[in-house]
Amino acid sequence: MAGHLLIIDYGSQFTQLIARKTRALGYYAEILPAGIPVGEALAQRPGALILSGGPASVDEPGAPGLDPELLEAGIPMLGICYGMQLLARALGGRLTREAHGEYGPAELEPTAPSPLWRPLNGSERLRVWMSHGDRVEEAPPGFRITGRTQDLPVAAMEDWERRIFCLQFHTEVHHTEKGSELLQAFLSEAGLENGWRMSSFARDAVEEIKRTVGPDGHVLCGLSGGVDSTVAAALLARAVGPRLHCVFVDNGLLRQDEASEVVEGFRLCYPDLRLTVADAGAEFLSRLQGVADPEEKRRIIGHTFIEVFSREARKIGQADFLAQGTLYPDVIESVSPQGPSALIKSHHNVGGLPKELGFTLIEPLKYLFKDEVRELGAELGVPECLLWRHPFPGPGLAIRIIGPVDRESLSLLRKADAIVREELRASGLDRVVWQAFAVLLPVRSVGVMGDGRSYGQVVAVRAVTSVDAMTADWARLPDDLLARFSSRIINEVPGVNRVLYDISSKPPSTIEWE
Ligand code: XMP
């Protein structure tokens with residue numbers, strides 16, 4: 001059987017999309033950074049290779065290159081954008097640097113038959129999406145040109161005998177018509193089988209955990225109630241049953257009814273699961289007293305979390321492994337050709353724990369994207385109410401209260417936030433929106449309530465759409481829904497006399513306010 005698809009990442013912002021699209025088609029795909037030794041890539045015995053796009057220019061100093069050994073391995077290959085230019089350079093084609101580059105839509109005209117054009121009807125033209133500064137002027141010897149656009153004489157080319165295919169446009173982006181079908185045509189031409197299903201992933205992951213943990217090992221898992229740790233716990237519960245110990249830290253910064261929803265949800269679905277609840281609200285609050293700086297809040301919360309978690313772990317005693325819900329984008333990002341992205345916010349996680357406590361780390365979701373985690377959760381029978389919870393940051397409501405955090409602000413924000421979530425659910429838009437929440441601002445405003453003057457607090461409502469939280473847009477919610485947020489918050493939350501709706505996208509803003 002042919003192996004899986006290996007994507008070599010030359011730094012394009014769309015590389016992850018190639019993996020997501022091909023996995024959605026049932027082909028398992030992994031991403032390796034361009035600098036990886038070729039032996040390591042070949043050791044995976046890939047059945048096909050895709051060379052991704054990238055921001056560099058092939059001929060500029062320090063641009064990532066193509067190891068000839070990879071070419072000699074005889075593996076069917078598709079070069080996309082920079083990947084195409086690399087192949088053209090390596091195989092004797094001619095490249096030129098364009099004065100302005102080409103960004104945006106173009107019309108692709110197939111000029112010769114190709115296995116990649118199988119999804120097209122006859123000589124159908126396709127609207128495709130370009131993003132490049134260099135172009136192939138002359139195809140390498142042995143290649144034939146299979147497509148052009150009005151401005152680009154070589155928009156697609158291939159050496160069918162060597163099964164090397166090249167596309168200048170980005171098949172993986174939403175704006176390219178039939179992009180998934182073109183990828184599928186390449187993968188089926190490469191002889192890959194599209195048998196990758198979440199059910200088989202779940203089965204293999206359970207077996208892998210069993211092998212790692214052995215017949216007697218115990219695993220500790222921090223449950224936050226978020227989808228990643230929930231699905232990780234469900235997978236571990238299936239693999240090691242009563243040898244899984246979950247710890248839920250109630251840091252006092254949770255949303256209304258959050259602790260009870262998560263704990264009861266888990267106890268109901270997994271009655272045999274050992275679940276410890278650490279009630280540490282007072283500890284977190286006293287350390288946060290008077291702290292207004294967002295990074296300082298995050299640091300305090302992160303450290304306190306580790307202390308509380310370590311204390312609970314010591315009480316449990318016998319665990320050798322620590323499970324974390326790390327996702328594939330985190331893994332890729334830490335080895336991406338561009339290096340880890342600049343620090344915007346120090347996201348709270350339990351990364352410091354294993355070293356400190358001498359655990360071996362288990363990361364059962366580290367090959368999955370967020371949407372795949374939900375699919376896996378459904379496969380494992382995790383109830384929808386746990387699976388479709390909106391993401392909630394580790395530092396909780398503390399980073400949604402601008403300024404110092406105290407019990408009164410928390411109580412006010414909890415009420416406002418509960419109204420936002422309740423109204424959104426009632427409107428049926430809950431799943432359209434990535435996240436929706438309330439933020440308490442450190443300003444007061446004048447209002448008129450009844451016949452009197454009020455001088456009250458201001459709440460901002462934030463609702464965003466996103467696919468991965470890397471970018472986000474403010475949700476265009478119906479006016480009447482916005483009106484309900486406003487009138488209910490002002491009427492039902494004492495002390496609030498003004499509600500704002502946040503209309504900022506990410507970038508340049510972030511999703512959370514702190
Ligand atoms: P930002 O605000 O950076 O948030 O646009 C992106 C996504 O990450 C969540 N977030 C966090 N999640 N610990 C977490 O576990 C954190 O410290 C943290 N900060 C932000 C945020 O809610 C959004 O989904």
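## Backbone features

Arg45 sits in the loop between helix H2 (38-43) and strand S3 (48-51). Its phi is near 50 degrees, a positive value in a residue other than glycine. Helices (H or I, at least four residues) and strands (E, at least two) are DSSP runs, numbered from the N terminus.

This is a predicted model: local features need pLDDT of at least 70, side-chain atom pairs count only at pLDDT 80 or more, and totals for chains, interfaces and linings use all residues. Residues are numbered from 1 along each chain as its sequence is written, and side-chain values use heavy atoms, with hydrogens and water left out.

A cis peptide bond joins Lys506 and Pro507, with omega about -15 degrees. Another cis bond joins Pro507 and Pro508, with omega about 10 degrees. Pro507 is found in the segment after strand S18 (496-501). Pro508 lies in the segment after S18 too.

## Second largest pocket

The second largest pocket holds about 700 Å³ of space. A pocket here is an open set of points on a 1 Å grid over the protein atoms alone, where a 1.4 Å probe fits, with protein on both sides within 12 Å along at least five of seven lines. Lining residues have an atom within 4 Å of a point. Grid points are joined across faces, edges and corners, and the volume is the space filled by probe spheres set on the points.

The lining has 26 residues; closest to the centre are Tyr28, Phe201, Asp204, Ala205 and Tyr367. Helix H6 (198-213) and strand S14 (360-362) each supply at least two lining residues. H6 gives the largest share, eight residues. By class, 13 are nonpolar, six polar and seven charged. Ala, Val, Leu, Ile, Met, Phe, Trp, Tyr, Cys and Pro count as nonpolar, Asp, Glu, Lys and Arg as charged, and the others, Gly among them, as polar.

## H6 against H7

The axes of H6 and helix H7 (residues 227-240) come within 9 Å and cross at roughly 60 degrees. Axes are lines fitted to C-alpha atoms over the stretch in contact, with angles from 0 to 180 degrees between N-to-C directions.

On the H6 side, the contact (heavy atoms within 4.5 Å) uses Ala202, Ala205, Val206, Ile209, Lys210 and Val213. H7 brings Leu235, Leu236, Arg238, Ala239 and Val240. Nine of the contact residues are nonpolar, none polar and two charged.

## Salt bridges

The count is 33 salt bridges, each a side-chain nitrogen of Lys or Arg within 4 Å of a carboxyl oxygen of Asp or Glu. Arg125 pairs with Glu109, the closest N and O atoms being 3.5 Å apart.
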